[in-house]
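The sequence and the structure come first.

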Amino acid sequence: MVTEHAMDTEGARIIDGKSIAAAVRGEVAQRVAELVARGIQPGLDVVLVGDDPASQVYVRNKDRAATRAGFRVRTHRLSAVTSQAELEALVDRLNADDEVDGILVQLPLPRGLDSDAVVRRLDPAKDVDGLHPFNVARLWMDRPGLVPCTPAGCIEMLDRSGIEIAGKRAVVLGRSLLVGKPIAALLLARNATVTICHSRTPDPAAVCREAQILVAAVGRPELVRGDWIAPGATVLDVGINRVETADGAGRLVGDVHFEEAHARAGWVTPVPGGVGPMTIAMLLSNTATAAANRRGRTSA
Ligand SMILES: NC(=O)C1=CN([C@@H]2O[C@H](COP(=O)(O)OP(=O)(O)OC[C@H]3O[C@@H](n4cnc5c(N)ncnc54)[C@H](OP(=O)(O)O)[C@@H]3O)[C@@H](O)[C@H]2O)C=CC1
Ligand SMILES: Nc1nc(=O)c2c([nH]1)NC[C@@H]1CN(c3ccc(C(=O)N[C@@H](CCC(=O)O)C(=O)O)cc3)C=[N+]21
Ligand SMILES: [Mg+2]
């Protein structure tokens, strides 16, 4: 196997999402500075309904990163009892506002709200999460569009770590519209042979053991154990799970048991400090792209 040399007694190499994300954010800041020099102030509006814990982590880190990269950022915090009509009215308002380049509606929405209807209502040109059916179709057609941030971040981490995708066997655990499916589409577009596992897959451990690239996006703390991982494989851990600790403080863990993965894999992403920071960097990149596309590249 190509990656065998990477596995030695010291364990897997860590893919440092934090530092790769910092490099991406630096490049985005440059693009933002160019827009600002043309009199364009790119703006990102985030909608958070209720108090999903993973969304709270996202909002906290995203606001600061976006501001530092030169964006105008606004977070609309709505109560968990917001109605569908109120939420859609906000989306309409943001669609119509020319100062808004990117709109991100945090998922999952609280019970009773129809996220599909909300996402369909977004202006696809402002859909920096890449979830509108237009952008989903573009993704599966291998045409450039706004690509979901976490999947785009996973590919960026592989590329910037020099990990080959073409010809590899890839297994994606999870089939959500936000993460699992778009990651599978991007790996497929890059000529990996892709298998998708989900909650009805018999013996997912056996399927995962076939993977040269394994992406875990299930939202199950440390589901993936060492014996799910082929020696030398690349393991990307998308999971963001808050678990209780004895001192009551709680801590963040991924969908992969990090120590066991580290002992077997060739490359592994940590949680925190792995895929999460990349999601934010790619969100900023998408917002800069949306701003450049919307406001015209030739006007200056
Ligand atoms: N790092 C980051 O930037 C981001 C992290 N996340 C995190 O990633 C995780 C996944 O998010 P998301 O995709 O939105 O979650 P969803 O809950 O929408 O999807 C989970 C998927 O995992 C599958 N699944 C659940 N349990 C198992 C199991 N035991 N074995 C196999 N498959 C299983 C489900 O299968 P089925 O379809 O059959 O129900 C489903 O397809 C969460 O921890 C989330 O917080 C999310 C976005 C960004
Ligand atoms: N429409 C939508 N798009 C999303 O992309 C989306 C979403 N809804 N809902 C919630 C999930 C979760 N998510 C995270 C992104 C970054 C971190 C992140 O920054 N993590 C850091 C922070 C760690 C910390 O603060 O302790 C890390 O992993 O190192 C976390 C979680 C995006 N999501
Ligand atoms: Mg995303």
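Helices (H or I, at least four residues) and strands (E, at least two) are DSSP runs, numbered from the N terminus. The model is predicted: local features need pLDDT of at least 70 and side-chain atom pairs count only at pLDDT 80 or more, while totals for chains, interfaces and linings use all residues. Residues are numbered from 1 along each chain as its sequence is written, and chains are lettered from A and ligands numbered from 1 in the order in which they are written.

**Residues 15-129**

An unreviewed UniProt entry places the feature "domain: Tetrahydrofolate dehydrogenase/cyclohydrolase catalytic" at residues 15-129. UniProt positions are given in the numbering used here, feature names are shortened, and annotations may be inferred rather than shown by experiment.

An open sheet of 3 strands has the order β3-β2-β4, with parallel pairing. Its edge strands, each pairing on one side only, are β3 (72-78) and β4 (102-105). On average, neighbouring strands of this sheet are turned by 15° against each other, direction ignored; axes are lines fitted to C-alpha atoms, for helices over the stretch in contact, and angles run from 0 to 180 degrees between N-to-C directions. Two strands pair if DSSP finds at least two bridges between them.

Strand β2 (residues 43-49) runs parallel to β4, joined by 4 bridges, and parallel to β3, joined by 7 bridges. Val-49 stands opposite Leu-78 in β3. On the β4 side, Asp-45 stands opposite Ile-103 and Val-47 has Val-105 as its bridge partner. Of the 7 residues of β2, 6 are buried, that is, 20 or more other C-beta atoms lie within 10 Å of their own, with C-beta atoms placed from the backbone. A right-handed β-α-β unit is made by β2, α2 and β3; right-handed means that, with the strands pointing away from the viewer, the path from the first strand over the helix to the second runs clockwise.

**Residues 148-293**

The feature "domain: Tetrahydrofolate dehydrogenase/cyclohydrolase NAD(P)-binding" is placed by UniProt (unreviewed entry) at residues 148-293. This span is 36% helix and 18% strand, with its end C-alpha atoms 17 Å apart.

Strand β5 (residues 169-173) has 4 of its 5 residues buried. From β5 the chain crosses through helix α7 (residues 180-189) to β6, in a right-handed β-α-β crossover. The pairing of β5 with β6 (residues 193-197) is parallel over 5 bridges, and Ala-170 has Val-194 as its partner in β6. β5 also pairs in the parallel sense with β7 (residues 213-216), over 4 bridges; there Val-172 is partnered by Val-215.

**Ligand shells**

A residue is near a ligand if its C-beta atom, placed from the backbone, lies within 6 Å of it. In the table, Ala, Val, Leu, Ile, Met, Phe, Trp, Tyr, Cys and Pro count as nonpolar, Asp, Glu, Lys and Arg as charged, and the others, Gly among them, as polar.

| Shell | Nonpolar | Polar | Charged |
|---|---|---|---|
| Ligand 2 | 14 residues | 7 residues | 1 residue |

Around ligand 1 there are 27 residues, of which Gly-174, Ser-176, Ser-199, Gly-219 and Thr-279 come nearest. Helix α10 (residues 275-295) gives the most to this shell, with 3 residues.

Ligand 2 is surrounded by 22 residues, the closest being Tyr-58, Asn-61, Leu-107, Pro-272 and Gly-276. At least two residues of its shell come from each of α2 (53-68), β4, α6 (149-160) and α10. The largest share, 5 residues, is from α2.

Note on methods:
Buried ≥ 20, exposed ≤ 12 C-beta atoms within 10 Å, placed from the backbone.
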